[in-house]
Amino acid sequence: MATISQPDTHPAQAPATNAIIRVADAHKYYELGETRVHALRGVNVEIHRGEFVAIMGASGSGKSTFMNIVGCLDTLSSGEYFLEEIDVQRFSKKDLASIRNKKIGFVFQGFNLLSRTTALENVELPTLYAHITHAEGQRRAHEALELVGLGERKLHYPSQLSGGQQQRVAIARALVNRPAILLADEPTGNLDSRTSVEIMDVFQNLNLGGLTVVLVTHEPDISQFATRTIEFRDGRIRHDTPVKNRPLASEVLKNLPTLED
Amino acid sequence: MEIVAILRIAMRALARNKMRSALTMLGIIIGVAAVIAMVSVGQGAQAQAQQQIAAMGSNMLFVGSGTISRGGMHMGWGATKTLIYEDEQAIVRECPAVKAAAPGATASAQVVFGNDNWNTRVNGTEPQYFDIRTWAFQEGASFSQADGESVANVAVIGETVRKNLFGATDPLGQTMRINNLPFKVVGVLVTKGTSAAGGDDQDDNIFVPITTLQKKITGQPWLRWIIVSAVSRQGSYIAQQQIASLLRDRHRIRPGSDDDFFVRNLADMADLADQQSRLFTVLLASIASISLIVGGIGIMNIMLVSVTERTREIGIRMAIGATEGDVQQQFLIEAIVLSLIGGGIGIAIGIGVSYLITQTLGWPVLVSTTAIAAAALFSGAVGIFFGFYPARKAARLDPIEALRYE
């Protein structure tokens with residue numbers, strides 16, 4: 001397991017008073033044929049730099065919609081969303097793509113790697129859209145893969161990697177453009193419990209290095225690795241609580257039997 | 001995104017489904033090959049027609065003695081006896097657009113050499129005839145002007161006559177008999193093939209001095225034809241008018257009466273042949289273009305399938321920062337690469353097929369560079385045109401939906 005020893009990999013620390021994510025009176029409706037689905041019904045939340053937030057909630061609670069909004073994949077029907085104090089609601093599709101590219105790193109439940117494309121090339125992908133040189137993109141991709149402990153498997157294809165390794169490639173891809181936030185949507189949903197904890201260890205280390213992490217999960221024991229949990233129900237935030245007695249994933253791993261053996 | 005990266009992604013995407021990519025390209029390959037082959041065949045036909053016309057002589061006009069009708073009975077051309085040697089002299093002297101002229105008359109005769117005999121046409125003319133018709137000698141040379149003045153029994157023979165009468169014997173200097181008169185062979189003409197006009201064998205001819213023909217063979221003092229070369233192709237039209245008005249004058253034909261001669265301009269025939277073969281080329285090319293369009297539709301079809309199959313990939317790319325423009329560009333380039341590679345292979349095959357067809361038909365090989373350039377351009381355009389809609393469709397996908405797509 002890699003330890004975080006390169007704080008310069010992440011954005012410089014801004015004053016903690018500035019909210020990195022600020023959502024105010026957020027509403028989102030979907031028109032589904034005749035019916036109108038009210039996915040967010042007035043959400044107010046601030047997430048600060050360096051936080052590790054777990055978003056909880058049953059399906060249909062609005063947590064996925066919230067993540068899509070935060071990730072700039074979708075826009076609000078009404079309300080405000082400021083990312084690093086920038087009103088991204090007013091951005092064009094093209095500018096939103098640029099924000100996703102530079103400010104946000106996505107990690108998905110299904111890994112979403114391109115098959116028949118090596119780990120390195122998968123990680124390199126966001127740099128292709130970032131208007132940086134190919135050499136610089138490659139350098140960053142190597143660096144990101146080292147960071148998640150996959151330096152040895154750069155030229156492996158996703159099909160040659162285990163689920164945990166694939167998810168690490170996805171994390172490296174999310175980090176390669178040095179984003180402000182890492183958004184993870186059920187990143188452990190497809191993984192066994194030990195691998196899940198290993199992935200949480202990666203997140204905790206990144207967070208300790210200064211990266212803001214927002215994680216969607218419906219597993220309470222996974223949410224405990226975060227510093228704060230926000231629970232959604234019926235399109236509203238029901239609970240917003242700091243995590244007490246947060247376990248360190250690296251400590252938990254020591255007590256888990258290794259599945260490989 | 002760098003163009004190198006885009007091309008690499010496109011090549012990889014196409015390599016992923018080699019069989020499918022190859023089959024998709026096949027449409028373009030066939031289309032491009034067909035266009036090139038058809039245009040080449042058309043141009044080969046055009047060149048062949050031009051060659052045949054050029055073989056008759058450069059900027060040539062043919063003056064024939066006319067038809068007359070006597071008591072309701074039409075006689076064939078050459079029935080009038082009004083075209084005479086002095087007419088030929090006058091044409092050369094008085095028509096500025098005329099470069100040269102040669103008088104002529106023709107008779108059918110039985111020719112004998114040794115045990116062989118052959119029925120052929122015997123033409124009386126003057127030495128400049130061969131220059132006007134740009135007809136070279138494979139052996140010997142033309143009879144001379146002096147031969148004409150002395151009414152000498154000398155002859156020039158065509159290839160068909162040589163073959164049938166002399167076989168393996170060298171005809172030069174041999175004596176053959178035309179209507180039982182001995183004639184010394186002084187020259188053998190190179191082969192000229194069948195004429196573009198009538199399709200008769202031009203090599204099946206014997207030429208003797210006009211005076212010899214008139215005095216010793218036919219006994220007729222008039223001419224049946226005068227062959228004229230004009231100063232230029234444009235000049236041939238002027239020459240045609242000058243000759244007509246001169247001859248009407250000399251023959252004292254009153255206004256309103258029919259000519260007792262005719263002037264045929266071979267440039268007219270050349271134009272007609274040109275026009276026909278050009279039409280032929282356009283027709284062939286447009287039929288071939290249809291297959292190119294069908295090929296393009298094939299590309300569009302496969303690109304649409306590809307966009308659907310790769311919905312998730314599109315979603316991933318959008319999530320990590322690809323703009324609509326990036327996605328559109330990626331699929332468009334893929335379609336263009338597909339059609340350009342197909343176009344390249346098509347050009348190679350098209351050139352090969354052109355050679356095969358023109359060589360089989362014995363036509364001059366003319367692989368049109370214009371057609372190749374047009375085909376290359378057109379295949380690129382097909383890629384853009386038929387790739388645009390699928391690429392647009394890909395770019396318009398909603399990233400959230402695309403990511404959820406199974």
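How many residues of chain B are in contact with residues of chain A? In this predicted model, 17 residues of chain B touch 20 residues of chain A; contact requires C-beta atoms, placed from the backbone, within 7 Å. Residues are numbered from 1 along each chain as its sequence is written, and chains are lettered from A, and ligands numbered from 1, in the order in which they are written. Local features need pLDDT of at least 70 and side-chain atom pairs pLDDT 80 or more, whereas totals for chains, interfaces and linings use all residues.

On the side of chain B that touches chain A, the elements giving two or more residues are H1 (3-16), H10 (311-319), H11 and H13 (399-404) of chain B. Helices (H or I, at least four residues) and strands (E, at least two) are DSSP runs numbered from the N terminus. H10(B) gives the most, with 4 residues. By class, this side has 10 nonpolar, 2 polar and 5 charged residues. Ala, Val, Leu, Ile, Met, Phe, Trp, Tyr, Cys and Pro count as nonpolar, Asp, Glu, Lys and Arg as charged, and the others, Gly among them, as polar.

Within chain B, H9 (residues 266-309) packs against H11 (residues 324-361) at about 140°, with axes 11 Å apart. Axes are lines fitted to C-alpha atoms, for helices over the stretch in contact, and angles run from 0 to 180 degrees between N-to-C directions. H9(B) is therefore oblique to H11(B). Angles under 35 degrees count as roughly parallel, over 145 as roughly antiparallel, 65 to 115 as roughly perpendicular and the rest as oblique. Ile299(B), Met303(B) and Val307(B) in H9(B) meet Phe331(B), Ala335(B), Leu338(B) and Ser339(B) in H11(B). These residues divide into 6 nonpolar, 1 polar and no charged.

In chain A, H3 (residues 119-128) and H5(A) pack at about 30°, with axes 7 Å apart. That angle makes H3(A) roughly parallel to H5(A). Val169(A), Ala172(A) and Arg173(A) are the H5(A) residues in this contact.

H5 (163-175) is also among the elements covering the buried residues of H6(A). H6 (residues 193-208) of chain A has 16 residues. Of these 16, 12 are buried, so H6(A) is largely enclosed by the rest of the structure. Buried means 20 or more other C-beta atoms within 10 Å of a residue's own, exposed 12 or fewer, and partly exposed in between. The buried set includes Val197(A), Ile199(A) and Phe203(A). Just after H6(A), Gly210(A) takes a positive phi of about 115°.

Notes
Contact = placed C-beta atoms within 7 Å. Expected span 1.5 Å × (residues − 1).
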